[in-house]
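Subject: Structure handover

Hello,

Here is the structure I promised to pass on. Please open it first; my notes follow below.

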Amino acid sequence: MKHSSDLEKNLIKVLILEDSLPDLELMTEQLSGAGYQLEVNHVMDEAGFREAIQKGEFEIILADFKLAGFDAFGALDICQRSCPEIPFICVSGSIGEESAIELLKKGAVDYVMKDRLGRLSFTVKRALGEAIEKQNKHKIEEQLTLLNRAVEASSVSVVITDAEGTIEYVNPHFTEVTGYSFEEVVGKNPRILKSGNQKTDFYDELWNTLLSGNDWTGEFHNKKKDGALFWEKAVISPILNSSGEIIQFVAIKEDITERKKLLEELVSTISDKDKLVRELAHRSFNNMQVIQAMLEYKLLTKPELSLDQFVIDISSKIQSMALAQRELNNGNNLSRIDLGAYLKILAQDIMERNRQNANLKMTFDLESVQVLLDTALPLGIAINELLSNAIASYPSDNPKRRIINEIRIISRVLESKDIEICISQTRVNGEHFNNRDFILDEKNKLAVAMVNEQLAGTITVDATNETTGRTIKITFKDNRYSERV
Amino acid sequence: MSRNLKILIVEDEVLTAIVMKKKLENAGYQVAQSVTTGEDAVLTVKEMTIDIVLMDIRLAGEIDGIEAATKIQNLREIPIIFLTGYNDAETKKRANALEPLAILIKPVEMTDVVNILERIQGDNSKKG
């Protein structure tokens with residue numbers, strides 16, 4: 001391969017096919033005289049020529065037209081097959097015009113008559129120059145082909161516009177992403193992709209950046225042909241001519257819709273987790289506060305209680321809270337529990353703790369309804385107090401008495417969406433209730449406060465029915481709190 | 001020393017509110033009102049003289065304690081003590097923006113509250 005630096009040094013490697021030694025001498029003299037330093041590979045016949053061609057250590061071929069048993073046509077033929085890029089010059093004493101034209105047609109770059117060898121150095125110089133030019137052109141073509149293939153096969157969108165922004169080229173990936181064919185967009189402005197979700201400022205900034213000759217990088221919220229929205233991360237570069245004027249813009253764009261979605265999901269998952277951790281910590285601190293308040297409340301309101309009674313009462317209430325928390329873990333919701341299921345285990349637990357009477361039984365008619373833990377916790381404390389007091393209103397076990405006492409717990413959702421809980425109890429061994437046992441007495445004060453103030457509900461007592469005993473009715477809505485997790 | 005600060009308790013846990021009220025009264029303070037929602041807290045401040053607000057952050061109702069405190073401060077500059085089960089940086093940052101006297105994390109020692117009140121009371125007496 002000839003390099004321009006070698007040309008400047010005027011060193012050339014030349015293959016000469018010539019059966020006349022005087023002619024060979026004349027040729028080399030001509031070239032040396034013109035300032036060339038020669039590295040001559042001289043062959044005299046077809047065999048030598050073929051061998052030399054195979055070795056390939058030359059940059060130009062000078063071939064006599066007529067040899068014994070061989071000629072320039074045969075030599076040219078071999079060259080065209082093995083090394084078409086090497087300039088082939090025919091040097092002849094006897095070439096006719098027709099043959100010369102034929103040689104040129106077949107790929108010889110020139111011919112020189114032996115009687116005019118003065119032209120030889122000039123012809124060689126021109127042929128070598130043209131060969132280099134051809135090589136460079138070929139290299140550029142190869143690069144262009146490579147680039148073109150890369151752009152066509154690329155998994156990013158490539159858009160080329162003219163200086164006015166009119167689309168000149170889009171690659172197949174652009175078509176794949178947007179749904180617009182090459183023909184549909186060429187000649188149009190890329191604004192056909194605008195979703196309208198990005199403000200004028202956004203495009204102003206884009207154009208200001210590009211028109212000042214700088215690359216613009218950003219994200220487009222664009223619209224496909226079918227109307228679907230998508231996100232593209234783009235780099236747009238202005239292409240300048242030699243005088244610094246913008247002649248084209250090239251945009252390389254990557255569809256990041258999926259990536260953006262994943263990122264958003266990730267962020268939302270993390271923030272959900274953060275929220276959950278915060279709410280669980282809050283719940284734990286709050287429960288400690290409630291337990292502390294229960295202790296202090298007892299101490300402030302019932303200082304006369306024995307330590308035993310005190311501990312029994314408080315641990316029962318702590319258990320009520322724990323049972324609600326346990327119901328939470330049974331469900332798949334982190335904020336709500338089934339009120340029916342909770343009331344049942346709560347009542348059974350209180351019954352166990354206060355069992356002193358084989359004549360007492362507890363029955364249920366509970367509707368399944370989901371309530372917030374924020375509602376269930378105070379309700380549990382209130383029910384705990386009401387039930388404990390109801391159980392305590394019966395005298396202790398007397399196996400000789402055959403009357404069975406019953407406490408019945410009913411829960412249901414009313415048409416108004418209010419939740420109603422009834423605690424009905426039969427008369428104590430057939431005796432009438434008296435006013436002291438009514439709801440508003442001191443014993444049930446905390447339950448009343450819980451229902452009225454914390455649940456913003458109502459609590460009433462009905463002891464008018466002579467046969468059935470009395471019924472405590474609690475009504476409330478589960479709408480005081482918003483769901484946090 | 002007369003402890004004439006009028007206190008508003010904003011606490012959705014009724015039991016906690018009752019205990020706080022009793023303990024403050026035992027310490028010689030007046031609890032002017034005790035409410036369970038932020039909305040009621042704002043109404044109370046509009047309707048009566050309140051010198052200090054003990055504010056829970058998680059409340060029943062639509063607005064939380066920080067939002068309620070913001071509305072109250074827009075009405076009048078009333079010192080606020082937050083009492084909350086939230087111990088996270090974000091909540092504390094939001095609460096601190098209102099420059100409260102303190103943010104006390106539950107379970108709260110009422111002596112801590114009383115100590116802050118004593119200090120305020122002392123400052124008020126000197127001014128008076």
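A polar contact here is a pair of N or O atoms within 3.5 Å; within protein, one must be able to donate a hydrogen and the other to accept it, and residues adjacent in sequence count only if both atoms are side-chain atoms. By that rule, chain B and chain A share 11 residue pairs in polar contact, both residues at pLDDT 80 or more.

Conventions, briefly. This is a predicted model, where local features need pLDDT of at least 70, side-chain atom pairs count only at pLDDT 80 or more, and totals for chains, interfaces and linings use all residues. Residues are numbered from 1 along each chain as its sequence is written, chains are lettered from A and ligands numbered from 1 in the order in which they are written, and side-chain values use heavy atoms, with hydrogens and water left out.

**Interface**

Contact (heavy atoms within 4.5 Å) involves 28 residues of chain B and 26 residues of chain A. The two chains bury about 2,600 Å² between them, 57% of it on carbon and sulfur atoms. Buried area is the accessible area (1.4 Å probe) that two parts lose on being put together, summed over both.

Four salt bridges cross the interface of chain B and chain A. The rule asks for a side-chain nitrogen of Lys or Arg within 4 Å of a carboxyl oxygen of Asp or Glu. Glu296(A) pairs this way with Lys23(B), with the closest N and O atoms 3.0 Å apart.

**Salt bridges in chain A**

Over all chains, the count is 28 salt bridges. Lys260(A) and Glu219(A) form one of them, at 2.6 Å, N to O. Lys260(A) sits in helix H10 (residues 257-301) and Glu219(A) in strand S10 (residues 216-223), 41 residues apart. Helices (H or I, at least four residues) and strands (E, at least two) are DSSP runs, numbered from the N terminus.

Lys253(A) bridges to Glu232(A) at 3.1 Å. Lys317(A) and Asp313(A) make another salt bridge, at 3.2 Å. These two are also buried.

Best wishes

Methods: Buried < 20%, exposed > 50% of the residue type's maximum accessible area, 1.4 Å probe, protein only.
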